[in-house]
Amino acid sequence: MNQGVWALLLGPYLFTLCIPLDCTEEQGSPSRCPSISQEKLLDRVIQHAELIYRVSEESCSLFEELFVPFPFRLQRNQVGYTCITKALPIPSSKSEIQQISDKWLLHSVLMLVQSWIEPLVYLQTTLDQYDNAPGMLVNKTKWVSEKLISLEQGVVVLIKKMLDDGTLSTANSDQGQFQYDVPPEMLESVMRDYTLLSCFKKDAHKMETFLKLLKCRQTDKYNCA
């Protein structure tokens, strides 16, 4: 693939790669970002979440086109695999989401982010085992994995800044849920990875939705759907 095509594909989010999401003190420890307003920090977090969701859509579609036989494309939820975040206490219905507090919105985003860090690293290694897997797909997955860590840092700082929660732990006790099984037969492996990408796309959309709802609450509390 030539440089011009790469520039076209990566152009929408190259600018954001240059913008640090989190801010740290000189010693390297997370600070409360005194140099950036809470509003701007939330805007940056939302921007990262939007881009992660967009690239997750592209990756899922590309994987489907390249590796998933057409008859199986509608069966990813019927082959014995469930989303790894299904057991997390994340609100799902519109009424539940509207009723939860700002603090729980942020913690929900943090739980989702942390739950996907290891699975996306695993996905990078399994994509390397596919014959003729394009570099673009592998690079997109790597990019999302790196930006997810950046998003985690930004959400942690945002929680501390908004809620003055100095005791917040960034460790998620459910992170170990993801099972690194022995690679199964090829079609089963494809469907498992397809489910993984589809579930991540769904959760990335949740992250974006929750953060945008939080932004709405900051500006127009009584008119947020």
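## A guided tour of helices, rings and a sulfur bridge

Start by selecting helix 4 and helix 5, which pack at an angle of about 155° with their axes 9 Å apart. Axes here are lines fitted to C-alpha atoms, for helices over the stretch in contact, and angles run from 0 to 180 degrees between N-to-C directions. Helices are DSSP runs (H or I, at least four residues), numbered from the N terminus. Before you go on, note that this is a predicted model, in which local features need pLDDT of at least 70 and side-chain atom pairs count only at pLDDT 80 or more, while totals for chains, interfaces and linings use all residues. Residues are numbered from 1 along each chain as its sequence is written, and side-chain values use heavy atoms, with hydrogens and water left out.

How do helix 4 and helix 5 run relative to each other? They are roughly antiparallel, a label for angles over 145 degrees.

**Next stop: the rings**

Select F63 and F67, both in helix 2 (residues 38-67) and four residues apart, about one turn of the helix. Their ring centres lie 5.1 Å apart with the planes at 50°, so this pair is tilted. Rings of Phe, Tyr and Trp (its six-membered ring) pair if their centres lie within 6.5 Å; planes under 30 degrees apart count as stacked, over 60 as edge-to-face and the rest as tilted.

Is Y130 buried or exposed? With a relative accessible area of 6%, Y130 is buried (under 20% is buried, over 50% exposed, and in between partly exposed, using a 1.4 Å probe and protein chains only).

**Last stop: the cysteines**

Select C83 and C199, which form a disulfide with sulfur atoms 2.0 Å apart; the cut-off is within 2.5 Å. A disulfide is a covalent bond between the sulfur atoms of two cysteines. The torsion about the S-S bond of C83 and C199 is about -80°, so the disulfide is left-handed. C83 lies in the loop between helix 2 and helix 3 (94-99), and C199 in helix 6 (residues 186-219), 116 residues apart.

Finally, click on C60, which is in no disulfide: the nearest cysteine sulfur, that of C199, is 9.3 Å away.

Notes. Helix = DSSP H or I, 4+ residues; strand = E, 2+ residues; numbered from the N terminus. Parallel < 35°, antiparallel > 145°, perpendicular 65-115°, else oblique.
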